[in-house]
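Q: Hi! Could you walk me through this one while I have it open on my screen?
A: Happy to, let's bring it up.
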Amino acid sequence: PVLANYTTYDNRDFSTVKGFTVNYDLRRTNNFQMNLAYTLQFADGTGSDENSQRGLSIRGNLRNLFPLNFDERHNISATMDYRFEEGKKYTGPRALKAVLENAGINLQIFTASGRPYTRKLIPARFDGEGTVGQINGSNRPWRYTVDMRIDKTIHLTKPTSTRPMDLNIYLRVQNLLDTRNVIGVYSAT
């Protein structure tokens with residue numbers, strides 16, 4: 001009698017993530033505040049998930065480093081905030097009173113390079129066959145998103161009150177530009 005094949009899992013994969021982040025903070029100047037960050041990262045390893053090295057035991061346990069599925073080389077984020085203060089510090093337009101007092105607009109911008117995938121030569125059902133190049137040698141397109149928030153704070157009690165109460169009314173728009181980011185690709189395209 002012949003025994004059936006079976007699969008076992010073992011913890012032999014490893015990965016290394018190296019990188020750095022540069023951050024710039026502009027404190028509130030007049031009415032404007034900004035935070036800008038750039039991250040450069042290299043995520044390499046022998047397997048992105050439990051099935052990355054599946055089937056390699058037939059040819060021996062080869063361990064080559066390649067970019068992992070979550071490798072994002074470049075990541076840029078920015079937060080910009082424009083806000084009007086209250087009282088004597090108010091610098092906005094006036095229509096009988098300070099209309100935009102305690103109001104502001106905030107933009108969050110995020111962009112990142114495309115994550116890697118393994119390109120295939122021949123289309124097959126649900127995937128592809130025949131690797132083109134190396135494992136995770138191709139990249140999806142860059143993606144970006146812009147979010148916006150407009151808000152205004154209204155004092156419900158007097159500012160000198162021992163228990164001040166405020167009401168913050170806001171409008172939040174995610175994906176302001178209705179960007180259609182590529183989050184997955186068919187590996188044979």
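Q: Let's start with contacts at a separation of 6 or more: what share comes from residues 24 or more positions apart?
A: That share is 60% of the contacts in the protein with a separation of 6 or more. Keep in mind as we go that this is a predicted model.

Q: Good to know. How many helices and strands are there?
A: The protein has 13 strands and zero helices. Reading from the N terminus, the order of elements is β-β-β-β-β-β-β-β-β-β-β-β-β.

Q: And how much of the protein counts as buried?
A: The figure is 24% of the 189 residues.

Q: Switching to side chains: how many aromatic pairs does the structure hold?
A: There are two aromatic pairs. One of them joins Tyr82 and Phe84, whose ring centres are 5.4 Å apart with the planes at 85°, so this pair is edge-to-face.

Q: What about the pair of Phe84 and Tyr90, how do those rings sit?
A: Phe84 and Tyr90 are tilted, with 50° between the planes and 5.8 Å from centre to centre. Taken together, the ring pairs link Tyr82, Phe84 and Tyr90 into a cluster.

Q: Is Tyr90 buried or exposed?
A: Tyr90 is buried, because its relative accessibility of 6% falls under the 20% cut-off. Phe84 is also buried, with a relative accessible area of 13%. Tyr82 has 38% relative accessibility and counts as partly exposed.

Q: Which residue lies over the face of Tyr170?
A: That would be Arg149, which sits 4.2 Å from the ring centre of Tyr170.

Q: Now for charged pairs. How many salt bridges does the count come to?
A: The count is eight salt bridges. Among them is the one where the side chains of Asp81 and Arg28 meet, at 2.7 Å from N to O.

Q: Where in the chain do Asp81 and Arg28 come from?
A: They come from distant parts of the chain, 53 residues apart. Asp81 belongs to strand 4 (residues 74-83), while Arg28 belongs to strand 1 (residues 15-29).

Q: And how covered are they? Is Asp81 buried or exposed?
A: Asp81 is buried, with a relative accessible area of 7%. Arg28, at 30% relative accessibility, counts as partly exposed.

Q: Which other residue forms a salt bridge with Asp81?
A: Arg83 does, and the closest N and O atoms of that pair are 3.0 Å apart. Through shared partners, salt bridges join Arg28, Asp81, Arg83 and Asp151 into one network.

Q: Nice. One more charged pair, please: which residue does Arg73 form a salt bridge with?
A: Its partner is Asp44, and the closest N and O atoms are 3.8 Å apart.

Definitions and conventions: Residues numbered from 1 in each chain as written. Predicted model: local features only at pLDDT ≥ 70, side-chain atom pairs only at ≥ 80, totals over all residues. Heavy atoms only, no water. Helix = DSSP H or I, 4+ residues; strand = E, 2+ residues; numbered from the N terminus. Buried < 20%, exposed > 50% of the residue type's maximum accessible area, 1.4 Å probe, protein only. Contact = heavy atoms within 4.5 Å. Phe/Tyr/Trp six-rings, centres within 6.5 Å; stacked < 30°, edge-to-face > 60°. Lys NZ or Arg CZ within 6 Å of the ring centre and 35° of its normal. Salt bridge = Lys/Arg side-chain N within 4 Å of Asp/Glu carboxyl O.
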